[in-house]
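Please open the model in a viewer and keep the selection panel at hand. The stops below proceed from the whole chain to single residues.

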Amino acid sequence: MTQEKILVYVNDQPKELFFGMTVKHALGTQLTQRVRAHRAVVRDGAGNVADVDGALSDGARLYVTPIDPQTFMDDLLRGS
């Protein structure tokens with residue numbers, strides 16, 4: 001039985017993953033730790049904040065950017 005692979009892009013860099021893997025698998029350990037520590041945020045191609053445990057689909061685009069933790073929390077509380 002062969003596992004289906006998908007292609008996703010992290011900061012426009014292609015990554016081939018197995019179907020069923022999550023955002024954290026695409027990001028890798030260091031970026032995932034930065035996101036969980038609120039030092040970076042990951043957004044999808046539409047600009048929505050993506051959870052590191054979120055699902056991926058073929059062709060998904062993820063963008064990781066550094067953030068200021070207080071500014072990010074203020075944005076969340078405002079509903080942005």
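Helices (H or I, at least four residues) and strands (E, at least two residues) are DSSP runs, numbered from the N terminus. On that basis the protein holds three helices and four strands. The model is predicted: local features require pLDDT of at least 70, and side-chain atom pairs count only at pLDDT 80 or more, whereas totals for chains, interfaces and linings use all residues. Residues are numbered from 1 along each chain as its sequence is written, and side-chain values use heavy atoms, with hydrogens and water left out.

**The whole chain**

Along its principal axes, the C-alpha trace spans about 45 × 25 × 20 Å.

Next, display the surface. Accessible areas come from the Shrake-Rupley method with a 1.4 Å probe, and for residues only the protein chains shown count as cover. The protein exposes about 5500 Å², of which carbon and sulfur atoms supply 51%. A residue is called buried under 20% relative accessible area, exposed over 50%, and partly exposed in between (1.4 Å probe, protein chains only). Of the 80 residues in the protein, 26% are buried.

Colour the charged side chains now. Lys and Arg count as positive and Asp and Glu as negative, while His and the chain ends are not counted; each charge is placed at NZ of Lys, CZ of Arg, CG of Asp or CD of Glu. The 9 positive and the 10 negative charges have mean positions 5 Å apart.

Among contacts between residues at least 6 apart in sequence, 48% join residues at least 24 apart.

**The sheet**

Two strands pair if DSSP finds at least two bridges between them.

Strands of a sheet pair through backbone hydrogen bonds, either parallel or antiparallel. Cross this sheet in the order of its strands:

- E2 and E1 are antiparallel and share six bridges. Select Lys5 to find Phe18 of E2 opposite.
- E1 and E4 pair in the parallel sense over two bridges. Select Tyr9, whose bridge partner in E4 is Arg61.
- E4 (residues 61-66) and E3 run antiparallel, joined by five bridges. Select Val41, which stands opposite Thr65 in E4, and then Asp44, which faces Leu62 in E4.

**The turn between E1 and E2**

Which residue of the E1 and E2 hairpin takes a positive phi near 50°? Zoom in on Asn11: the hairpin has two residues between its strands, and Asn11 adopts that value. Most residues other than glycine have a negative phi. Asn11 is not a glycine, yet its phi is positive, at about 50°. Asn11 sits in the loop between strand E1 (5-10) and E2 and counts as partly exposed because its relative accessibility is 33%.

Move on to Asp12, which lies in the loop between E1 and E2. Asp12 is not a glycine either, and its phi is near 70°, a positive value. With a relative accessible area of 45%, Asp12 is partly exposed.

Is Thr32 buried or exposed? Select Thr32 in helix H2 (residues 29-36). Thr32 counts as buried because its relative accessibility is 7%. Leaving out residues up to four places away in sequence, Thr32 touches Lys24, Leu27 and Val52.

The last stop is Arg39, in the loop between H2 and E3. Arg39 has a relative accessible area of 41% and is therefore partly exposed. Beyond its neighbours within four places in sequence, Arg39 is in contact with Arg34, Pro66 and Ile67. Finally, draw a C-alpha to C-alpha distance from Arg39 to Gly20: the two are 19 residues apart in sequence and 26 Å apart in space.

Technical notes
Contact = heavy atoms within 4.5 Å.
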